[in-house]
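This report describes one protein model, from its overall form to single residues. Please keep the sequence and the 3D view at hand while reading.

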Amino acid sequence: MTTMASQVWVSLISLGGVVLGGMLSYLVQHRTQLSAERAEQHRQQNALSEARRAERLALLERFVEVAAEAERSAFSRPSEFDDTHPWHLETQDVMNRLWVAERLIRIQFPLPVHDAARAYFLDLNRTVWEGLPDGESLRDYLEDNRLAFLDTARAVMG
């Protein structure tokens, strides 16, 4: 009977060791899986952040590029023109593209960036279609809001 009892104890201890080992193995695998999932989520968040940053940079580049075209249009503004004048037709296209780029800035950026872009857009729109009074410098008129926009965008982009 003692032999049988000791065999039962050995079997129970062995079974306990197997159960304990199985539980420890499960816990280690579970922790490893959670760690891998967290690492993958972190990688995906970083990839998404980089993609958004690239998209924002492309949008800023687009806005600056079209704004430069609008400035050139303002500098080349004829004293007299009508709706059929080549300058008017080309400039209308540029200003439409600038309007779209400015709206996209509102969608992609915080409001301070959009507010600065909007102020610059409104200055450009005024100078393109209405001109400036004699004696005023177009460059000086646009400089403050242009720089405010660029500085605000740079602060947001980091």
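## Surface and basis of the model

Accessible areas come from the Shrake-Rupley method with a 1.4 Å probe, and for residues only the protein chains shown count as cover. By this method the accessible surface of the protein chain comes to about 10,900 Å², and 58% of that surface belongs to carbon and sulfur atoms.

The model is predicted: local features need pLDDT of at least 70, side-chain atom pairs count only at pLDDT 80 or more, and totals for chains, interfaces and linings use all residues. Residues are numbered from 1 along each chain as its sequence is written, while side-chain values use heavy atoms, with hydrogens and water left out.

## Overall form

The protein chain has four helices and zero strands, and its elements run α-α-α-α from the N terminus on. Helices (H or I, at least four residues) and strands (E, at least two) are DSSP runs, numbered from the N terminus.

The radius of gyration of the protein chain is 33 Å, whereas a compact globule of 158 residues would have one near 15 Å. This radius is taken over C-alpha atoms, and the globule rule is 2.2 Å times the number of residues to the power 0.38. Along the principal axes, the C-alpha atoms fill a box of roughly 120 × 30 × 15 Å. Of the 158 residues, 24% count as buried; buried means under 20% relative accessible area, exposed over 50%, and partly exposed in between (1.4 Å probe, protein chains only).

Contact means heavy atoms within 4.5 Å. Among contacts between residues at least 6 apart in sequence, 72% join residues at least 24 apart.

## Helix H1

Val10 lies in H1 and counts as exposed, at 55% relative accessibility. The C-alpha atoms of Val10 and Val66 are 56 residues apart along the chain and are separated by 83 Å.

Ala67 also has its place in helix H1, but Ala67 is buried, with a relative accessible area of 1%. Not counting residues up to four places away in sequence, Ala67 touches Leu98, Tyr120 and Leu124. Ala67 and His85 are 18 residues apart in sequence, and their C-alpha atoms are 21 Å apart in space.

## Helix H2

The buried residues of H2 are Trp87, His88, Thr91, Val94, Met95, Leu98, Ala101, Glu102 and Ile105. An α-helix has 3.6 residues a turn, so residues three or four places apart point the same way. What covers the buried residues of H2 includes H1, H3 and H4.

Val94 is found in helix H2 and counts as buried at 6% relative accessibility. Not counting residues up to four places away in sequence, Val94 touches Val66, Glu69 and Ala70. Val94 and Ala70 are 24 residues apart in sequence, yet 6.2 Å apart in space, C-alpha to C-alpha.

## Helix H3

The 19 residues of H3 should span 27 Å, and the end C-alpha atoms of H3 are 26 Å apart, which agrees. Buried residues of H3 include Val113, His114, Ala116, Ala117, Tyr120 and Leu124. Their cover includes helix H1 (2-75), H2 and helix H4 (138-157). Just after H3, Gly131 takes a positive phi of about 75°.

## Aromatic rings

How many aromatic pairs does the structure hold? There are five aromatic pairs. Rings of Phe, Tyr and Trp (its six-membered ring) pair if their centres lie within 6.5 Å; planes under 30 degrees apart count as stacked, over 60 as edge-to-face and the rest as tilted.

Trp87 and Trp129 form an edge-to-face pair, with 5.7 Å centre to centre and 75° between the planes. This pair links distant parts of the chain, 42 residues apart: Trp87 is in helix H2 (residues 86-108) and Trp129 in helix H3 (residues 111-129). Trp87 counts as buried at 9% relative accessibility, whereas Trp129 is partly exposed at 22%. Ring pairs also link Phe63, Tyr120 and Phe149 into a cluster.

Arg56 lies over the face of Phe109, at 4.8 Å from the ring centre. A charge sits over a ring if NZ of Lys or CZ of Arg is within 6 Å of the ring centre and within 35 degrees of the ring normal.

Note on methods:
Expected span 1.5 Å × (residues − 1).
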